[in-house]
Amino acid sequence: MTTFAVPSGQPISLQDVFWEEGESLLLRVRFTAPQIARDGGTIDYETAAKDMLYLCETFVKPQVEQSADKPDQIIISLSDVAVPFGEADPDATQFFEAYSIQNDACIWEVY
């Protein structure tokens, strides 16, 4: 499992990466981050949001730049436990952010 160093220092592991095609091309990048847990976690949303932007800039953007496909939107998610995509887990803590790449930077998008 690939792990990443992020500004908060929390341990983050890559869960999966996949493309979604529809009206637009989405790239979903999902990570596990146990320290965001509601019970016993030490990382709040504001801190995790900085980590997600960092992951977009340092991991996702370089991958996109090397790819022939260019996503219209990148969705980065953190979950305290691995949750299969599309399944609900009311006990899981999950954070999501959407980005686009503009002017060689990850730009946060409201969705």
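The side chains of Asp 16 and Arg 30 form a salt bridge, with N and O 3.0 Å apart. Asp 16 belongs to strand β2, which covers residues 12-21, and Arg 30 belongs to strand β3, which covers residues 25-32. The two residues are 14 apart in the chain, and the pair links distant parts of it. The model described here is a predicted one.

Arg 30 has a relative accessible area of 8%. Arg 30 therefore counts as buried, because the limit for that class is under 20%. A search of the whole structure finds four salt bridges, and the bridge between Asp 16 and Arg 30 is one of them.

Which residues form salt bridges with Lys 61? One partner is Glu 65, with the closest N and O atoms 3.4 Å apart. Both Lys 61 and Glu 65 lie in helix α1, which runs over residues 45-66. They are four residues apart, about one turn of the helix. Lys 61 is buried, at 9% relative accessible area, whereas Glu 65 is partly exposed, at 43%.

Another partner of Lys 61 is Asp 104, and here the closest N and O atoms are 3.3 Å apart. Lys 61 is in helix α1, while Asp 104 is in the loop between β5 (94-102) and β6 (105-109), so this pair ties together parts 43 residues apart in sequence. Asp 104 is exposed, with a relative accessible area of 52%. Through shared partners, the salt bridges join Lys 61, Glu 65 and Asp 104 into one network.

## Aromatic pairs

How many aromatic pairs does a search of the whole structure find? The search finds five. One of them is formed by Phe 4 and Phe 59, whose ring centres are 4.7 Å apart and whose planes make an angle of 65°. This arrangement is edge-to-face, because planes over 60 degrees apart are put in that class. Phe 4 is in strand β1 (residues 3-4) and Phe 59 is in helix α1, so the pair ties together parts that are 55 residues apart in sequence. Phe 4 counts as buried at 16% relative accessibility, and Phe 59 counts as buried at 18%.

Tyr 45 and Phe 95 form an aromatic pair that is also edge-to-face, with 5.3 Å from centre to centre and 80° between the planes. Tyr 45 lies in helix α1 and Phe 95 in strand β5, so this pair ties together parts that are 50 residues apart in sequence. Tyr 45 is partly exposed at 33% relative accessibility, whereas Phe 95 is buried at 15%. Ring pairs also link Phe 4, Phe 31 and Phe 59 into a cluster.

## A negative surface patch

Which residues form the negative surface patch? The patch is made up of Asp 39, Glu 87, Asp 89 and Asp 91. Asp 89 is in the loop between β4 (73-79) and β5, and Asp 91 is also placed in the loop between β4 and β5.

Asp 89 is partly exposed, with a relative accessible area of 31%. Asp 91 is exposed, at 65% relative accessibility. Asp 91 can also be compared with Asp 80: they are 11 residues apart in sequence, and their C-alpha atoms are 9.4 Å apart in space.

## Positive phi angles in a loop

Most residues other than glycine have a negative phi. Asn 103 has a positive phi near 50° and is not a glycine. Asp 104 is not a glycine either, and its phi is also positive, at about 65°.

Where are these residues placed? Asn 103 lies in the loop between β5 and β6, and Asp 104 is in the loop between β5 and β6 as well. Asn 103 counts as exposed at 80% relative accessibility, and Asp 104 is exposed at 52%. Asp 104 is also the residue that forms a salt bridge with Lys 61 at 3.3 Å.

Note on methods. Residues are numbered from 1 along each chain as its sequence is written. This is a predicted model: local features need pLDDT of at least 70, side-chain atom pairs count only at pLDDT 80 or more; totals for chains, interfaces and linings use all residues. Side-chain values use heavy atoms; hydrogens and water are left out. Buried means under 20% relative accessible area, exposed over 50%, partly exposed in between (1.4 Å probe, protein chains only). Rings of Phe, Tyr and Trp (its six-membered ring) pair if their centres lie within 6.5 Å; planes under 30 degrees apart count as stacked, over 60 as edge-to-face and the rest as tilted. Patches are made of residues with over 30% relative accessible area and no salt bridge: like charges are joined within 9 Å, nonpolar side chains (Val, Leu, Ile, Met, Phe, Trp, Tyr) within 5 Å. Accessible areas come from the Shrake-Rupley method with a 1.4 Å probe; for residues, only the protein chains shown count as cover. Lys and Arg count as positive and Asp and Glu as negative; His and the chain ends are not counted. The place of a charge is taken as NZ of Lys, CZ of Arg, CG of Asp or CD of Glu.
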